[in-house]
Amino acid sequence: MRHLRKVLATTVALGAVVVGASACTPDTTRGRVENDVPATFAHAYALSEQLQGHRPVTPDVTSTECHSSVNTKQDSQPGSWGCDLSYTVDGKKKDVSLLVLIDQLGCYQASNTDNRNAMITDASTGAQLPDPKVGFDGCFDVYDNRTNTSNR
Amino acid sequence: MTTTSAATTRTPITTARTTAGAGTVFGVELRKLLGQTRTRVVATVLLVAPWIFILLVLHQDQLPLETLYGRYLKTTGFATPMVVLVTATQWLFPLIAAFISGDIFSSEDNYGTYKTILTRSVSRRAVFWGKVTAALVATVGLVIAIGASALIAGLVAVGDQPFITVGNLEVPSTAHAIGMVAESWLSVLPPLIGFASIAMCVSVLTRNSVLGVVVPVVIGLVFQMYMFLNAWDTVRHALLNWPMNAWRGLLDDPSYAEPFLRGLVVSAIYTAVALTIAYVVFHRRDIQEG
């Protein structure tokens, strides 16, 4: 009986720790999304140019604002997010709106809401490919210190 | 006089007895595993599957865009092993671990051969660790072989164009690209060993081959279903399926190893707990009935 009580107490204590820990640190936060999406967009843009045989230009993302469509109160949790990016490339200022679908593993698919089906021709193979510039995947570190959520 | 004679006759027999170690049991068990028709058939199917997959992808217009690396299947041959890895971590790896390790102990119960083995010159410890090592080596070997097959399939069917990282940067060096693919596949081995250990634990506890295979698969399914839920993140991090995705951080730009390092701890805990329970039960069990 004493042994059973010990096991129960340990289980309850462990459960409390798990619940307590999970209550304050969501994996998907606005800080992580706003840090990762612009960097990956810049890489995907350069990759798109490179695959087409152009000079690989990396855009300079000047501003990013992302919000969750699922948890509008706190800007956290996986699901659908919207990101508005402003960037300059070759001296020209441009904007792009991305629909970002985030999964529970901290990975996402981002697509340009205006032109998500654009295709490019791979200069080296001649194959038709989805343009990485308008649709790309990425992942963020769910253990980093960018735990800030909404500051709207 | 008779007593002395008996004693002198008995002594040489005792010293001549050799005790087979875990290495001998490992060799026998590995040969048994590799000699099974079902193991050979399943291994062949799993090794051929990536080739069929990439050939089918190349003959259609659509790409599996919803899968990480799916959009790059026609861009670089290095995407093939990555897509296979993404799919395999969800369902296939727990199944492989259970299939190989789930009946390595219980099959002896089914055939009633424990009594024969353990009353010969093999200790229980040697039998236990020999079987555990053989099951782990066979499981790990099959997974590495699938990775190698998928990589060769991609390189042959698509080509060795530069690898693209999770962060969408090109890796021009082929040797570096092969290293990154190998790194990602090797990073799933700790949780894979965890699943294999659970399978062996169930095999020892239930003495039933069907349960030894089915229970770990069900555990893997339940874990995977929780991974899809929008539930407590900390619980998800403690499940054995979580470290199977740690390679995404290793291949990102900039890369981060925290998920992998934490995953190592999680996998080590599952492995240690499962094998300790299995060892204690196996060590104490009564084998009088076979």
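Mentor: In this predicted model, chain B and chain A bury about 3000 Å² between them, with 58% of it on carbon and sulfur atoms.

Trainee: Which residues of chain B lose the most area to chain A?

Mentor: They are B:R71, B:N168 and B:N230, which together account for 19% of what that side buries.

Trainee: How many residues are in contact across the two chains?

Mentor: Contact is judged by distance, with heavy atoms within 4.5 Å. Here 36 residues of chain B are in contact with 35 residues of chain A.

Trainee: How many salt bridges does the rule find across the interface?

Mentor: A salt bridge pairs a side-chain nitrogen of Lys or Arg with a carboxyl oxygen of Asp or Glu within 4 Å. The rule finds two across this interface. One of them joins B:R71 to A:D137, and their closest N and O atoms are 3.4 Å apart. B:R71 counts because 3.4 Å falls within the 4 Å limit.

Trainee: And the polar contacts, how many residue pairs are there?

Mentor: Twelve residue pairs are in polar contact across the interface, both residues being at pLDDT 80 or more. On the side of chain B that touches chain A, the elements giving two or more residues are α10 (209–228), α11 (233–237) and α13 (258–284). The largest share, five residues, comes from α11(B).

Trainee: What cavities does a search of the whole structure find?

Mentor: It finds two of 30 Å³ or more. The largest has a volume of about 130 Å³, and among its 14 lining residues A:L105, B:W242, B:N245, B:R248 and B:P259 are the closest to its centre.

Methods. Residues numbered from 1 in each chain as written. Chains lettered and ligands numbered in written order. Predicted model: local features only at pLDDT ≥ 70, side-chain atom pairs only at ≥ 80, totals over all residues. Heavy atoms only, no water. Buried area = accessible area lost by both parts, 1.4 Å probe. Polar contact = N/O pair within 3.5 Å; in protein donor to acceptor, adjacent residues only side chain to side chain. Helix = DSSP H or I, 4+ residues; strand = E, 2+ residues; numbered from the N terminus. 1 Å grid on protein atoms, 1.4 Å probe; cavity = no way out; pocket = protein on both sides within 12 Å on 5 of 7 lines; lining within 4 Å. Points joined across faces, edges and corners; volume = space filled by probe spheres on them.
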